Amino acid sequence: MAAPPPPGSLPPPYTAAAAAELSPTEQPNPEYERLYHAYADAYGSIDQVRRALDAPVRTLGSTDAWLGPEARQWGGRLDSQRGTLQKAADRILWDIYDRLSSTQRTTPRV
């Protein structure tokens with residue numbers, strides 16, 4: 001699963017100046033703004049999560065500190081967990097993206 005589009009591919013929340021130009025029956029949706037900022041924050045830091053197990057996998061594979069069938073089995077599980085972590089990171093982004101892209105930028109003024 002690939003990462004979703006970057007935050008800049010979606011319309012940003014309304015600025016105060018742009019909100020003043022909305023029709024009198026509309027107002028900026030605070031939920032859209034909250035989700036947009038959450039998505040931008042998550043998108044900016046998700047690579048750190050994706051790479052969290054890279055160093056341990058590299059260390060285990062490039063040293064002879066631990067050898068044998070148990071080491072290979074443990075290393076295989078570690079590599080598998082790294083893949084699971086990377087998929088989970090992408091899923092988090094997709095969940096926020098899906099919610100954000102289905103949220104209206106404006107709500108009716110009440």
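Is Asp98 buried, partly exposed or exposed, and at what relative accessibility? In this predicted model, Asp98 counts as partly exposed because its relative accessibility is 37%, a value that lies between the limits of 20% for buried and 50% for exposed residues. The side chain of Asp98 meets that of Arg91 in a salt bridge, with a distance of 3.7 Å from N to O. Arg91 has a relative accessible area of 35% and is therefore partly exposed.

Side chains of opposite charge can pair when their charged atoms come close. A search of the whole structure identified eight salt bridges. Among them is the pair formed by the side chains of Arg50 and Asp90, for which the N to O distance is 2.3 Å. This pair connects distant parts of the chain, since Arg50 belongs to helix H2 (residues 30-50) and Asp90 to helix H4 (residues 69-101), 40 residues apart. Both Arg50 and Asp90 are buried.

A further salt bridge joins the side chains of Arg82 and Asp79, at 2.6 Å from N to O. Arg82 and Asp79 are three residues apart in helix H4, so about one helical turn separates them. Arg82 is classed as partly exposed because its relative accessibility is 22%. Asp79, with a relative accessible area of 36%, is likewise partly exposed.

Salt bridges also link Glu31, Arg34 and Arg99 in a network.

Note on methods
Residues numbered from 1 in each chain as written. Predicted model: local features only at pLDDT ≥ 70, side-chain atom pairs only at ≥ 80, totals over all residues. Heavy atoms only, no water. Salt bridge = Lys/Arg side-chain N within 4 Å of Asp/Glu carboxyl O. Helix = DSSP H or I, 4+ residues; strand = E, 2+ residues; numbered from the N terminus. Buried < 20%, exposed > 50% of the residue type's maximum accessible area, 1.4 Å probe, protein only.
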